[in-house]
Amino acid sequence: MSQTDPSIPQSSTAQSESAVESTAVRSAVDPLSLPGEPGVATPDAGRAVAPFDEKRAEAAIRELLIAVGEDPDRDGLRDTPGRVARAYREMFAGLRQAPEDVLATTFDLGHDEMVLVRDIELYSCCEHHLVPFHGVAHVGYIPSVDGRITGLSKLARLVDVYAKRPQVQERLTTQVADALVRILQPRGVIVVVECEHLCMSMRGIRKPGAKTVTSAVRGMLRSSATRAEAMSLILGR
């Protein structure tokens, strides 16, 4: 008998706004949503995201092992579907987080110069082959005219929100930059991401060590002088 995949739950018109807000707050504190919770509407995605279905993930991994010719009941693989499901729950936690929650805290310091965090480690999963890519992100911004800044750790958390999703590096870079612009309203933003993609290193063209570099620049940092200053800080020159 064929099974029909359950559709992703959509926001109900009967669901109160307070319930949606409560769920979004829980997802920010504990991104690993509990089974049975309603979908969290992520503002950047514009859609509801279903709660993580651990049992379904386990069943899918078991089927995958059979498909590649393995025996999921042998000693070494018996607990693998559960382990992979729990790992995926963590690896894709960003689907249930919103950047607005990460950047909610700001400080009024009247700072009007560039703020840059270099070498933020990131691990993500290529949506084309579901294998990892990893590297570093450099995130900088010039605060808004009122000089408000966010915590330095928040920039790293923002990178994680978007890295912990099925991704492509180009989109991840743009999403981080656009979230900063939308939420903090800075005068300028620069995001540079450098990663090695295992879909290039361990399969296909097989070129380990090759790095992909992407950038997104917004506002005042588009000017040649400020962009050059930012890149000199990123490169450490």
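**From a helix to the sheet and its cores**

Let's start with helix α3, whose buried residues pack against α2 (54–67). Quick ground rules before I go on. This is a predicted model, where local features need pLDDT of at least 70, side-chain atom pairs count only at pLDDT 80 or more, and totals for chains, interfaces and linings use all residues. Residues are numbered from 1 along each chain as its sequence is written, and side-chain values use heavy atoms, with hydrogens and water left out.

On terms: helices (H or I, at least four residues) and strands (E, at least two) are DSSP runs, numbered from the N terminus. Buried means under 20% relative accessible area, exposed over 50%, and partly exposed in between, with a 1.4 Å probe and protein chains only. Contact, for packing and touching too, means heavy atoms within 4.5 Å.

Back to α3, then. It covers residues 80–91, twelve residues, and spans 16 Å from first C-alpha to last, close to the 16 Å expected at 1.5 Å a residue (that's 1.5 Å times one less than the number of residues). Its buried residues are T80, P81, G82, A85 and R89.

Now the sheet. It's open, has five strands with mixed pairing, and the order is β7-β4-β5-β8-β9. Two strands pair here if DSSP finds at least two bridges between them. β7 (166–167) and β9 are the edge strands, each pairing on one side only.

How buried is β8? Nine of the ten residues in β8 (residues 188–197) are buried, so this strand is largely enclosed by the rest of the structure. On one pairing, β5 (residues 132–142) and β8 run antiparallel, joined by ten bridges, and G135 has C195 in β8 as its bridge partner. β8 also pairs with β9 (residues 212–219), again antiparallel, over eight bridges. There you'll find V193 opposite T214 and V191 opposite A216.

What about the helices on the sheet? α5 lies across β4, β5 and β7, and runs at about 20° to β4. α6 packs on the sheet as well, touching β4, β5, β7, β8 and β9, and its direction makes about 20° with that of β9. For those angles, axes are lines fitted to C-alpha atoms, for helices over the stretch in contact, and angles run from 0 to 180 degrees between N-to-C directions.

Which residues have the most contacts inside the largest nonpolar core? That core has 31 residues, and the answer is L122, V139, L158, V176 and L180. β4 (115–126), β5, α5 (152–163), α6 (169–184) and β8 each give two or more residues to it. By nonpolar core I mean a set of buried Ala, Val, Leu, Ile, Met, Phe, Trp, Tyr and Cys residues joined through side-chain atoms within 4.5 Å. Leaving out neighbours within four places in sequence, L158 contacts P99, V102, L103, V176, A179 and L180.

Last, two single residues. V115, in β4, is buried at 13% relative accessible area. Its C-alpha is 7.8 Å from that of P143, 28 residues away along the chain. And T150, in strand β6 (residues 148–150), counts as buried at 3% relative accessibility. A polar atom of the T150 side chain sits 3.0 Å from the backbone oxygen of T105.

Technical notes
A polar contact is a pair of N or O atoms within 3.5 Å; within protein, one must be able to donate a hydrogen and the other to accept it, and residues adjacent in sequence count only if both atoms are side-chain atoms.
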